[in-house]
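Thank you for asking me to look over this model. My comments are set out below as numbered points, to be read beside the sequence and the coordinates.

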Amino acid sequence: MDLISTTEQLADVCTRLASHPVITVDTEFLRETTYYPLLCVVQMASPDEAVVVDTLAPGIDLKPFFDLMANENVLKVFHAARQDIEIVWHRAGIVPHPIFDTQVAAMVLGYGDSIAYDQLVERITGHRPDKTHRFTDWSRRPLTDEQLHYAVSDVTHLRDVFAALDADLKKRDRSDWVSEEMEILTSPKTYDFHPESAWERLKTRVRKPKELAVLMEVAAWREQEAQTRDVPRSRVLKDDALGDIATHAPTSLERLATLRSLPKGFDRSKWGTEIVAAVQRGLARDPQTLPKIDKPRNNSNGSSIVELLKALLRMTSERHAVAAKVIATVDDLEQIACDDNADVGALRGWRRELFGDAALALKQGRLSLAIEKGKVVRVDRTADAGRPVADQ
C-alpha cells in the first residue's frame, strides 16, 4: 500500500491503474458542517496494488484521478456510489463512467435492501472489516497507520466482493438489470441540484397552489443560501420551517415573527427580509404555471389494492431473491393502484417482466393470491380454471 501525496505520484499510479479493465474505488469525506462534501482521502486498487491518495496534501492536483474516473476503458467499482459520484461531479463536473455499484448488485441478487459494506464483505468472504474508523476525522493530518489500513482494506475487500457478485449476476442472467440502474446512477441529472427544483426533495405536503408556490420560492432561497455559505440546508432553515412558511405565507416581518418553527430573532435578521420577499414572489406566481399537486391517495379501495400489491411484491421478492426495494417502492405501488399506465420504474424494463405485469393483472382481476401449504401463491384466473401457479 502506497500513500500518494504529490501530483506526480498520482499521475503515475493513475497511469498504472488505467491499464486494468476493472479497479475498485472509495472515498473518505466530511460534510457535517458544509453543503458540499470535503474530500479528504481517495483509495483505489487494482489486482496488482492498492493506494491511498491524500487529497488534502499541499499542492496536489487531482486531475489525474478525475481523468481516470472518466476513462471509458476502465470499470470503476464502488459500494453505495452516489455520494462518491457526487463528490467527483462537484469537484470536476464529470460523472465517473462506467461504474459498478456493489450495493445495487447485492440488492438485485437478494442480499437485502441497501446492505452495508461490512455486512456484504462478511457474507461473501467470511471476513468482517474493522469499521472503527468509519466516523474518524479524515481531515486531520498526519493520517495514522490505522486510518491508512482501514482505507485500503475497503478497496481490497471490494475486489473480492465485485468478483463474486459479477459472477453470480452472469450466472443468473441479471447483469443487464444492474446496467440499467448504473445508467440512472451515472446521469448528471441525478447530481445537478438546481435551487428552483429544491422543493421536489422535500417531504412537506402542501394542499393548495398558493402554498406550493411559496414553498418553491422559499426552498429555492434556502438552497441558494446553503450553496453560497457552504453550510448544510438545515443550518439555514429546517424542513419543518419551510412547510410552516408555505402554509402561513407571512408577507411581513411581523407575521413572520409569529411562526414558532423559526429561530428566535430570525425576523430581525437580513434573512427574515429575504424570506418575506420569497413569500411575496411565490404569491405573485401564476397558478397556471405551477406543477400539479398530487391528490392524497387515501380512499379505502385504493388502500386495499396497495396492500394486495405489497403482498405480491413480497412474494416476488422472496421467490426471485431480489430486494423488494429495488423492484418497486411504496410510491410505485400507490401510483399503480390509481393508474394502469403510471410512469414508474416498476412498469418498465426488467421490473415489469418480474413484477409490473403481474401487478396489473392482480389489479384487473386476472390474477389473485392464495395460500397453499402455508405459502402465498399466484392464481392465474384465466388458465386451467384458476389453479395456483408458481411465480415465474
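This is a predicted model: local features need pLDDT of at least 70, side-chain atom pairs count only at pLDDT 80 or more; totals for chains, interfaces and linings use all residues.

1. Residues are numbered from 1 along each chain as its sequence is written, and side-chain values use heavy atoms, with hydrogens and water left out.

2. Strand S4 covers residues 50–54, where strands (E, at least two residues) and helices (H or I, at least four) are DSSP runs numbered from the N terminus. Because 5 of its 5 residues are buried, S4 is largely enclosed by the rest of the structure; buried means under 20% relative accessible area, exposed over 50%, and partly exposed in between, with a 1.4 Å probe and protein chains only. Ala50, Val52 and Asp54 point one way from S4, whereas Val51 and Val53 point the other way, and all are buried.

3. S4 pairs with strand S1 (residues 2–4) in the parallel sense over 3 bridges, pairing being assigned if DSSP finds at least two bridges between two strands. Within this pairing, Ile4 has Val53 of S4 as its bridge partner.

4. With strand S3 (residues 38–45), S4 pairs in the antiparallel sense over 5 bridges, and Met44 stands opposite Val51. S3 and S4 form a hairpin, with 4 residues between them.

5. The structure holds 18 salt bridges, each defined as a side-chain nitrogen of Lys or Arg within 4 Å of a carboxyl oxygen of Asp or Glu. One of them joins the side chains of Glu217 and Arg285 (3.3 Å, N to O). This pair links distant parts of the chain, since Glu217 lies in helix H8 (residues 209–229) and Arg285 in the loop between helix H12 (270–284) and helix H13 (300–320), 68 residues apart. Glu217 is buried, at 15% relative accessible area, whereas Arg285 is partly exposed, at 27%.

6. A salt bridge within a helix is formed by Lys310 and Glu307 (3.5 Å, N to O), which both lie in H13, 3 residues apart, about one turn of the helix. Lys310 counts as partly exposed at 25% relative accessibility, as does Glu307 at 46%.

7. The side chains of Asp340 and Lys363 also meet in a salt bridge (2.6 Å, N to O). Asp340 is in the loop between helix H15 (330–338) and helix H16 (349–363), and Lys363 is in H16, 23 residues apart.
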